[in-house]
Protein chains: 2
Amino acid sequence: MEPENGVAAELSHLVPNGTVLNDGPSLEKYSHDEAQWAPFAAPLAVVLARTTQEVAAVVRYAGERGIHVVPRGAGTGLSGGANSMENSIVISLELMTAIREINSADGFAVAEAGVINDSLRQTVAAQGLWYPPDPASYKTSTIGGNAATNAGGICCVKYGVTRDYVLGLTVVLADGEIAHLGRRTAKGVTGYDLTSLMIGSEGTLGIITEVTVKLLPLSGREDRAIIGYFPSLRAAGHAIAAVKAAGIVPSALELIDSTCLRAVDNWLHLGLPENVNVMLLASVDEPGSTGELLANRLASIFLTHGGSHIEQATDPKKTEKLFLARRMAYPALERLGQILTEDICVPRSAVPDMLSRIEASAAKYDVVIANIAHAGDGNLHPQIIVPHGDVASKARAKLAFDEIVTDCRLLGGTVTGEHGVGLLKLSGAAAELGQRVIDMHQSVKNALDPNGTLNPGKAFPHTHRN
Amino acid sequence: MEPENGVAAELSHLVPNGTVLNDGPSLEKYSHDEAQWAPFAAPLAVVLARTTQEVAAVVRYAGERGIHVVPRGAGTGLSGGANSMENSIVISLELMTAIREINSADGFAVAEAGVINDSLRQTVAAQGLWYPPDPASYKTSTIGGNAATNAGGICCVKYGVTRDYVLGLTVVLADGEIAHLGRRTAKGVTGYDLTSLMIGSEGTLGIITEVTVKLLPLSGREDRAIIGYFPSLRAAGHAIAAVKAAGIVPSALELIDSTCLRAVDNWLHLGLPENVNVMLLASVDEPGSTGELLANRLASIFLTHGGSHIEQATDPKKTEKLFLARRMAYPALERLGQILTEDICVPRSAVPDMLSRIEASAAKYDVVIANIAHAGDGNLHPQIIVPHGDVASKARAKLAFDEIVTDCRLLGGTVTGEHGVGLLKLSGAAAELGQRVIDMHQSVKNALDPNGTLNPGKAFPHTHRN
């Protein structure tokens, strides 16, 4: 029996209700998230856990044997945070899909880590409640993964990110013990905010198995979409700044550039206007005449800043149609080649400059870069597209990626707005954090995971081990 | 020369621009915050620092000599987080009052720790920007103290707490090094959320010297106040639950009980109605007809649940008058005796039950307990009033205090909603957190302050030192 099989067999005893996989295709499937550009290696085994206790048993087992544990939700991450490595067990939370409680009186829900974001969203909506965070992956990503990466999304510009909605967590710690962090109340300041510390830590400090989230009332909002097309990235950038200057907080403010528009139109034949360069897509959700007024003001700002083909929609079907180009941009680009997805966030006022720099990087390194952006947040997702099999182009893409990260820092930005450091942003994070703050990370990591069991090497640059 | 004088003299060399105090009245003045119920001792000296570098120099000096450092803003804390102890230097940040940057394009400001909340608020308002967090102490408390305690306030029910507005921090660490945490962008997930970890840690992990806060547009809101009087705490509790059930998120929802109302009226002769037991005070800030509609719905909910003398106001002067009883409640109660201020937070639906239990504790221990509450958040501030010099009553007050904390836990609450653990809530926090989570706190504390220099014994129950 190979050592791997030995591990799998032992794990099967530990997780009688879970599933242990160690066949080749499974090991391959679970060896990485959507960041294939980052390094990965096949795990020793994959455990599909069904309970917090099973996760705890596996972590304890791994810790005792010096094996690493790589936790994973749906594997939709884009930074390699769930990429497996040598001598690792992957623990997938995907089977832990119970929504354990929905409390409408107090406005919270308790969900196991494997609950799909959209499933939670729909289930609570049936009770008149709303879970705002809406990462692009909301139809497939899990609430545990959303918490572990502090996922963002389109509505962040008004409603904030995953961390803003997590009240409490159940976490399996590095020693296999189970901790309950946080609270169920609207407010609370008892002790350190270990809940926030866990959120976005990519499973390096503990494995999130259950999440208590704050919910808002579903009622009282009316969505209105406003779109417009602009002749240049710069013109769109000025329109975005003008929205901000007008004191309007839209519930979405997205940018899609001509490469994306053409890719979507060539694929789906939506009849998008020709001779336009950029689309801005906004929404407001204030009800009644307030929302109408805001939508009209947005449309007027778009017009003043060179916008054309401006449309508004309140009907959900028409709104969905206006947003279709945004939703289909990524799959449309994927048809053009392999994509290296960037995720930078600059101060909003630096968006036009940053977009110009991205254009310059594309020209300099002779790669196609399409732009999708949560423009209202300054959170840009340049998509570097490499023809399949073009090794030279792939190498140039990586250089462009690094230059964009460096430029974002020069403009006062952060190297990852919502995807996380994972493995792809380690060098950018090192430059951003500086040695003293990296040392603080390492101290906290050593304190909570002294043997380095949990997802080592992810989330922050490890320059040394004490 | 006494050792104290030696310390003061040495400190004077370290902080040429700051002020070092070691006269008796100053040592007394700086020996505690507003939690005189908690233990305190005179410090060796008080440093009024003027720069981050001076704070760093003092921390390094203290660390080398095994002296503790107790950081302090305006000393308005209510849990003893800034109470001095033996062998300590108090570092006050009150002279660090520069607002270093206001960036309206990107919606943030950078303020030194000693800037008064209201000063920041007014300065950014002049540029059309709004800093929401509004603790009751906003006219006197500092932004650094607000961050160190994660201060709440009235608008939290809609707009969240201090942590929700802090983007970044400059912090002096236990070794006297200076770290810059966080970012200036709207979003960011680079590394662990050490900013959130520092916020609410009461200076036990680092001393906050500068705060970067997110600002919202000031425009687009119109305040409308709605007040009503209720025959009982229970009736008011049901009105609060009905507001929540209606899906309305008010910008304030406060409760003031009859003890407070009578104390205010006896003092200021406002002509508050007789024969009423509780006042609810709500506001909404949606503009135009939306706000009008919401205000009318709130008034209607109040009426349905037994409310009387219902009034609305949009005029700022009239609004201020309606809120006067709320603002003057605490000073009015102070005229009646020494106050032990509670701060618990229960799930909103448990507010009526919790208020009943508070009434029962008042009866059981024969003490007067008045209630001021951020009722919409479930955050209650029972005020236990003890006649000056009544030692027996003071002892009973402490028993009532502890019983209220225990009851709040039984109802699923947290022992401190917004004031912090400090020294007053250590035993409650121990019960709430449990040993494993306390151990996590201790590990993090040991990691970031291995010698225990910074404000030891505060913020979480220290059961051991590794």
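Okay, let's start in chain B, with strands β8, residues 166–172, and β10, residues 207–214: they run antiparallel and are joined by six bridges. If you want one pair to click on, take Val166(B), whose bridge partner in β10(B) is Val213(B). One thing to keep in mind as we go: this is a predicted model.

Now zoom out a bit. Those two strands belong to an open sheet of five, ordered β5-β6-β10-β8-β9 in chain B, with antiparallel pairing. Which strands sit at the edges? That's β5, 99–103, and β9, 178–182, of chain B, each pairing on one side only. From one strand to the next, the twist averages 10 degrees.

Then there are the helices. Helix α3 of chain B, residues 52–65, packs on the sheet and touches β8, β9 and β10 of chain B, with its direction at about 50 degrees to that of β8(B). Helix α4 of chain B, residues 117–125, lies across β5, β6 and β10 of that chain, at about 40 degrees to β5(B).

Over to chain A. Here we have an open five-stranded sheet in the order β5-β6-β10-β8-β9, paired antiparallel. β5 and β9 of chain A are at the edges with a single partner strand each, so one side of each has no neighbour in the sheet. Neighbouring strands are turned by 10 degrees against each other on average, ignoring direction. β5(A) and β6(A), residues 108–112, pair antiparallel over four bridges, and Glu101(A) stands opposite Val110(A) in β6(A). Packed on this sheet is helix α4 of chain A, residues 117–125, which touches β5, β6 and β10 of chain A and makes about 40 degrees with β5(A).

Okay, the interface. How much do chain A and chain B bury between them? About 5800 Å², with 63% of it on carbon and sulfur atoms. On the chain A side, Lys187(A), Val189(A) and Tyr192(A) lose the most area to chain B, together 17% of what that side buries. The contact takes 77 residues from chain A and 77 residues from chain B.

One to look at is Asp175(B) with Arg436(A), at 2.9 Å, N to O.

The one that gives the most is α16(A), with nine residues. By type, the chain A side divides into 32 nonpolar, 31 polar and 14 charged residues.

Technical notes:
Residues numbered from 1 in each chain as written. Chains lettered and ligands numbered in written order. Predicted model: local features only at pLDDT ≥ 70, side-chain atom pairs only at ≥ 80, totals over all residues. Heavy atoms only, no water. Contact = heavy atoms within 4.5 Å. Buried area = accessible area lost by both parts, 1.4 Å probe. Salt bridge = Lys/Arg side-chain N within 4 Å of Asp/Glu carboxyl O. Nonpolar A, V, L, I, M, F, W, Y, C, P; charged D, E, K, R; others polar. Pairing = 2+ DSSP bridges. Axes fitted to C-alpha atoms, helices over the stretch in contact; angles between N-to-C directions.
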